[in-house]
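Visitor: I'd like to learn how to read a model like this one. Could we go through it feature by feature?

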Amino acid sequence: MGDRWHVEVDRSVCIGSGMCVSHAPDGFELDSARQSHPQTADTDANELLLAAAENCPVEAIAIRLESGEPVFPPED
């Protein structure tokens with residue numbers, strides 16, 4: 001069994017660019033206020049979700065392992 005991730009979007013930072021939806025259309029959606037949120041907060045590790053987080057222009061997406069260890073953004 002592969003890693004499980006917890007995906008969060010900081011809605012106070014999100015600018016609604018839609019880049020996350022472009023990279024991972026099955027992982028994110030924009031609401032009526034153009035704020036992003038994950039379609040499923042707890043999910044299997046997925047390269048498209050990681051690409052969405054890495055390409056968010058304001059780094060509003062955080063991904064952590066179930067253990068709490070950061071996947072993205074990495075801790076310094």
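Visitor: Leaving aside its neighbours within four places in sequence, which residues is serine 36 in contact with?

Guide: Contact here means heavy atoms within 4.5 Å. By that rule, and skipping neighbours within four places in sequence, serine 36 touches Val9, Arg11, Cys14, Cys20, Phe28, Glu29 and Leu30. Before we go on, a word on the source: this is a predicted model, where local features need pLDDT of at least 70 and side-chain atom pairs count only at pLDDT 80 or more, while totals for chains, interfaces and linings use all residues. Residues are numbered from 1 along each chain as its sequence is written, and side-chain values use heavy atoms, with hydrogens and water left out.

Visitor: Is serine 36 buried or exposed?

Guide: Buried means under 20% relative accessible area, exposed over 50%, and partly exposed in between (1.4 Å probe, protein chains only). Serine 36 comes out at 2%, so it counts as buried. It sits in strand 3; strands (E, at least two residues) and helices (H or I, at least four) are DSSP runs, numbered from the N terminus.

Visitor: How many salt bridges does the structure hold?

Guide: Side chains of opposite charge can pair when their charged atoms come close. The cut-off is a side-chain nitrogen of Lys or Arg within 4 Å of a carboxyl oxygen of Asp or Glu. There are two salt bridges. In one of them, aspartate 44 meets arginine 4 at 2.9 Å, N to O. Aspartate 44 belongs to strand 4 (residues 42-44) and arginine 4 to strand 1 (residues 4-9), so the pair ties together parts that are 40 residues apart in sequence. Aspartate 44 is partly exposed at 46%, and so is arginine 4 at 26%.

Visitor: And which side chains meet at 2.5 Å?

Guide: Those of aspartate 31 and arginine 11, again N to O. Aspartate 31 lies in the loop between strand 2 (28-30) and strand 3 (36-38), and arginine 11 in the loop between strand 1 and helix 1 (19-23), so this pair links parts 20 residues apart in sequence.

Visitor: In what order do the strands of the open sheet run?

Guide: Two strands pair if DSSP finds at least two bridges between them. Here four strands form an open sheet in the order 4-1-5-6, with antiparallel pairing. Strand 4 and strand 6 (70-72) are the edges, each with a single partner strand, so one side of each has no neighbour in the sheet. Strand 1 and strand 4 pair over three bridges, and tryptophan 5 stands opposite threonine 43 in strand 4.
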